[in-house]
Amino acid sequence: SLSDRLGSVFDKLRGRGALNEADVREAMREVRIALLEADVALPVVRRFIDSVTEQAVGQSVLKSVTPGQQVVKIVNDALVEMLGGDDVPGLDLAAAPPVVIMMVGLQGSGKTTTTAKLAKLLKEKHGKKAMMASLDVNRPAAQEQLKVLGEQVDVATLPIIAGQQPVDIATRALQAAKLQAIDVLLLDTAGRLHVDQQLMDEMQAVAAISTPKEVLLVVDSLTGQDAVNVAQSFTAQVPLTGVVLTRMDGDARGGAALSMRAVTGKPIKFAGTGEKLDALEVFQPSRVAGRILGMGDVVSIVERAAAAIEEEEAERMAARMAKGQFDMNDLRQQLRQMQKMGGLGALAGMMPGMKKAKQAMEQSGMDDRVLLRMDAIIGSMTPKERIRPDLLNAKRKIRIAKGSGVQVQDVNKLLKMHQEMERAMKQIKKMGGLAGLGKLFG
Ligand code: GDP
Ligand code: MG
């Protein structure tokens, strides 16, 4: 299998410490094949491999994992990032109603089905009053198809008038939506078997009169290598805002996702996962990355190893604190850790004893930018002051405030926070010290 093959190449990577270029290049040959087998378009594969190679060479290998495992993790993270990261933006509906969502794509890609799925979602999850209109005058019964789906999800569809052209239907839909105080109007357009200019002209004309807030390109995830052509034509001619990948329930390996995102530069917002009208999910890059690479186990091994290192670091700090040692260097390290772990919001979850410190910070009006400022303040202290904050008299505080471009009161706030944390650390000691802390991080 693919995993085995990747595994055997990676097993050969014996170098410890940092990943060297020859090893990485060899591993990338297998990654390249994996991507092509997942139907990622060739130019996208090339770009991906180049960027990952550059990232990976010279990276140090985590303790307790093999260089091969480390490479898989790097590839996985790069895939997730290339797919837009796990923070997928939702629909943008910030406009005066009726907000128009226009669906575009090739024939059979799943536009009509997805239109109904989205209408259902908007109605049920967002409490929106939705209306759908089919602009597909090419296929007989296309408009009836949407009407039937509308009845199924209990969302209004624009009454059908025979003989109207797409732009006329869109105009009528907008009028009806205004009259009926509709929040969101979904325009389901016609597709073609292949991209052609007449279709593009039609899409442009409809977009011009309906000024859609979202233009979603619906793509069959089984499209494979042709995905790039489709994405390129639509991107060049229609103001896309996002992509929906359908048939993700099938055996697509996810390659189209990577190609789509790379070529359109637009977020993949949803994944269709079945024919049923509730089979629509927010797109999940990490799941797709796992599918492309087929090495989810390795990824989690490396993630655990990375977590273990943070745990070791936390334990080292806890050991210092257990001895009553918590100076400005420790605080600085904590601040950096907090930034890494998602800022102040994550703080309370880190250690129970931190809740107090967090409250103190909130009371003094601190937010995440303050983390950086506090880091700068500590940076302006002398090494001696960092170890012995009690040395900080008024004169020294003024010097530090000047050096870090803040007010003396900010220096005082930091000192207060240091005291709060020192107190919190002592609580941890009471809770059972290292063992207690280990449990919290476990
Ligand atoms: P359109 O021509 O782009 O409007 O495509 P349709 O919405 O008519 O869909 C074509 C076919 O694909 C229909 O049989 C749908 O049921 C099916 N379909 C659409 N989305 C999905 C999906 O996410 N998964 C599966 N398995 N089938 C889908
Ligand atoms: Mg259709």
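How closely do the axes of helix H7 and helix H8 come, and at what angle do they cross? The axes of H7 (residues 166–179) and H8 (residues 197–210) come within 9 Å and cross at roughly 20°. Axes are lines fitted to C-alpha atoms, for helices over the stretch in contact, with angles from 0 to 180 degrees between N-to-C directions.

This is a predicted model, in which local features need pLDDT of at least 70, side-chain atom pairs count only at pLDDT 80 or more, and totals for chains, interfaces and linings use all residues. Residues are numbered from 1 along each chain as its sequence is written, and chains are lettered from A and ligands numbered from 1 in the order in which they are written.

H7 and H8 are therefore roughly parallel to each other (angles under 35 degrees). Pro166, Val167, Ala170, Thr171 and Leu174 in H7 meet Glu202, Ala205, Val206, Ile209 and Ser210 in H8, a contact being C-beta atoms, placed from the backbone, within 7 Å.

Eight strands form an open sheet of mixed pairing, ordered S3-S2-S4-S1-S5-S6-S7-S8. Strands (E, at least two residues) and helices (H or I, at least four) are DSSP runs, numbered from the N terminus; two strands pair if DSSP finds at least two bridges between them. S3 (156–157) and S8 (280–282) stand at the edges with a single partner strand each, so one side of each is left without a neighbour in the sheet. S6 (residues 242–246) and S7 (residues 268–272) run parallel, joined by three bridges, and Val243 stands opposite Ile268 in S7.

| Helix | Strands crossed | Angle |

Notes
Angles under 35 degrees count as roughly parallel, over 145 as roughly antiparallel, 65 to 115 as roughly perpendicular and the rest as oblique. Two residues are in contact if their C-beta atoms, placed from the backbone, lie within 7 Å.
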